[in-house]
Amino acid sequence: MSNSITHETATTQFVEADGVRYAYRRFGGPSETPLVFCHRFRGTMDDWDPAVTNGFARERDVILFDNAGVGGSSGVIPNNARVMADHLLAFISGLGASKADLLGFSMGGYVVQFAALQSPRSFRRLILAGTGPGGGEKYVPGGSDIRPVASRPVLGLEEQLFLFFTASEESRAAGKAYWRRLKSRVGEPDPPVPEQGIKAQLQALVAWGEGDSAYNRLAEIKQPVLVANGSNDVMVPTINSFTMAQLLPDAQLIVYPDSGHGFLFQYPDLFVDHALRFLR
């Protein structure tokens, strides 16, 4: 690794584990444990905000990866978060990492929760961003107007602004800045998630909301957890973050003002500062 390598310039590498060839990018400074990023519904390595990943890389060994069937990785996209977590564990094992920190955003947070339950000794600290605990008595799903937009064949700027930011002038301006930063990557982009993969991920989201989730087992997650969200998340409503923070034995919660699902892209510097303090 070299600190001269950034999100924009890191080359895509591959590691094979259990018959799947996982695509990943690694950059940043040396750290006791790598920080592995687990992405959202339809997200690939190219959808991470360089302001966030480069911010962490100033003092952490950052690893972005595409789960099975996503982007440059081989295999089939699972239709449930449990198998996605199996792939995450296989990927980390394939890298030879004995322990890692995890950052799970949105659906990636579902994967992180199951991974921590399946292999608790593999992880030191967890960051759960814009995510929730899944089906349970306090679970609150996103509005009925969300899924049709999130499932459109192409997610352009307006879709991103609607799904990830609020209607305020400040939030929309931050969303447009995030959109511009996404274009700074050098080299061939990751291919988008195919239609069949989108359907499988949607099935995973539905299953999570209906109870195939970590909701009833959150008390088993003993690692320190940072739960973070925007004040008005329409994708995974913010109240779910409060519920999750209450159910986890060792959690702290941060809610960012005038922001939605993409709060970490609206406040990249502030979020990274809070998260690095937590990871230290």
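Trainee: Which side chain of opposite charge is nearest to Glu8, and how far away is it?

Mentor: Arg185, at 7.2 Å. Glu8 is buried yet has no salt bridge. Buried means under 20% relative accessible area, exposed over 50%, partly exposed in between (1.4 Å probe, protein chains only). A salt bridge puts a side-chain nitrogen of Lys or Arg within 4 Å of a carboxyl oxygen of Asp or Glu. For charge, Lys and Arg count as positive, Asp and Glu as negative; His and the chain ends are not counted.

Trainee: What should I know about the model and its numbering?

Mentor: This is a predicted model: local features need pLDDT of at least 70, side-chain atom pairs count only at pLDDT 80 or more, and totals for chains, interfaces and linings use all residues. Residues are numbered from 1 along each chain as its sequence is written, and side-chain values use heavy atoms, with hydrogens and water left out.

Trainee: Which side chains make polar contacts with the side chain of Glu8?

Mentor: A polar contact is a pair of N or O atoms within 3.5 Å; within protein, one must be able to donate a hydrogen and the other to accept it, and residues adjacent in sequence count only if both atoms are side-chain atoms. Glu8 has one with the side chain of Thr6, at 3.0 Å. Another joins Glu8 to the side chain of Asn54, also 3.0 Å.

Trainee: How do strand 1 and strand 2 run, and how many bridges join them?

Mentor: Two strands pair if DSSP finds at least two bridges between them. Here 5 bridges join strand 1 to strand 2, and they run antiparallel. Val15 faces Tyr22 in strand 2. Their hairpin has 2 residues between the strands, and Asp18 takes a positive phi near 50°.

Trainee: Which other strand is joined to strand 2?

Mentor: Strand 4 (residues 61–65), antiparallel, through 5 bridges. Gly28 stands opposite Asp61.

Trainee: Why is strand 2 called largely enclosed by the rest of the structure?

Mentor: Because 7 of its 9 residues (20–28) are buried.

Trainee: Is Glu32 buried or exposed?

Mentor: Exposed, because its relative accessibility is 75%. Glu32 lies in the loop between strand 2 and strand 3 (35–38).

How values were computed:
Helices (H or I, at least four residues) and strands (E, at least two) are DSSP runs, numbered from the N terminus.
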